[in-house]
Amino acid sequence: YGRDAAMRVVGRTMFETDRLETEHVARCNRMHEVWVPTAWSAEVFAASGVKREKIRVVPEAVDVEFFDPVKVRSRLPLDLVAIATQVLGPPQASQEAASA
């Protein structure tokens, strides 16, 4: 799979679909293991042609006690304009306004 010096090649992937393209199946079958997050994903990969012995179900690692949305209450309203300005900088004046 392009990792000749690697002792093991493990792919961690998922698709929210009911089938895989043949090229993706071929890539998965060249790996030692393919990790998917659910039993449903494992069935989709196997039904698409990925060898069952390569597929491992490794659930998403989320601490549901720490990341419990019921326990989290926003202290401030979400200001998307302020966040966008911090990330992207201030809005640019349009060409029309600049030439007026």
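Tutor: The turns that follow set computed values against the definitions behind the terms. Please bear in mind that this is a predicted model.

Student: What is the order of the elements in the protein?

Tutor: From the N terminus the elements run β-α-β-α-β-α-α, and the protein contains four helices and three strands.

Student: How do the three strands come together in the sheet?

Tutor: They form an open sheet in the order E1-E2-E3, with parallel pairing. E1 and strand E3 (55-57) are the edge strands, since each pairs on one side only. From one strand to the next, the twist averages 25 degrees.

Student: What makes strand E2 and E3 a pair?

Tutor: Pairing requires at least two bridges between the strands. Strand E2 (residues 33-36) and E3 have three bridges, in the parallel sense, and therefore count as a pair. Val34 stands opposite Ile55 in E3. Helix H2 (residues 39-48) lies across E2 and E3 and runs at about 170 degrees to E3.

Student: Why is Thr13 called buried?

Tutor: Buried means under 20% relative accessible area. Thr13 has 15% relative accessibility, so the term applies. Thr13 lies in the loop between strand E1 (10-12) and helix H1 (22-29). Leaving aside neighbours within four places in sequence, the contacts of Thr13 include His24, Trp35 and Phe45. Of the 100 residues of the protein, 21% count as buried.

Student: How do you know that Glu60 and Arg12 form a salt bridge?

Tutor: The criterion is a side-chain nitrogen of Lys or Arg within 4 Å of a carboxyl oxygen of Asp or Glu. The closest N and O atoms of Glu60 and Arg12 are 2.4 Å apart, so the pair qualifies.

Student: Why does Glu60 count as partly exposed?

Tutor: Partly exposed covers the range between the buried limit of 20% and the exposed limit of 50%. Glu60, at 47% relative accessibility, therefore counts as partly exposed. Arg12, with a relative accessible area of 45%, is partly exposed as well.

Student: What makes Glu23, Arg27 and Arg30 a network?

Tutor: Salt bridges link these residues. Arg27 and Glu23 meet at 3.3 Å, N to O, and both lie in helix H1, four residues apart, about one turn of the helix. Glu23 also forms a salt bridge with Arg30, with the closest N and O atoms 4.0 Å apart.

How values were computed:
Residues numbered from 1 in each chain as written. Predicted model: local features only at pLDDT ≥ 70, side-chain atom pairs only at ≥ 80, totals over all residues. Heavy atoms only, no water. Helix = DSSP H or I, 4+ residues; strand = E, 2+ residues; numbered from the N terminus. Buried < 20%, exposed > 50% of the residue type's maximum accessible area, 1.4 Å probe, protein only. Contact = heavy atoms within 4.5 Å. Axes fitted to C-alpha atoms, helices over the stretch in contact; angles between N-to-C directions.
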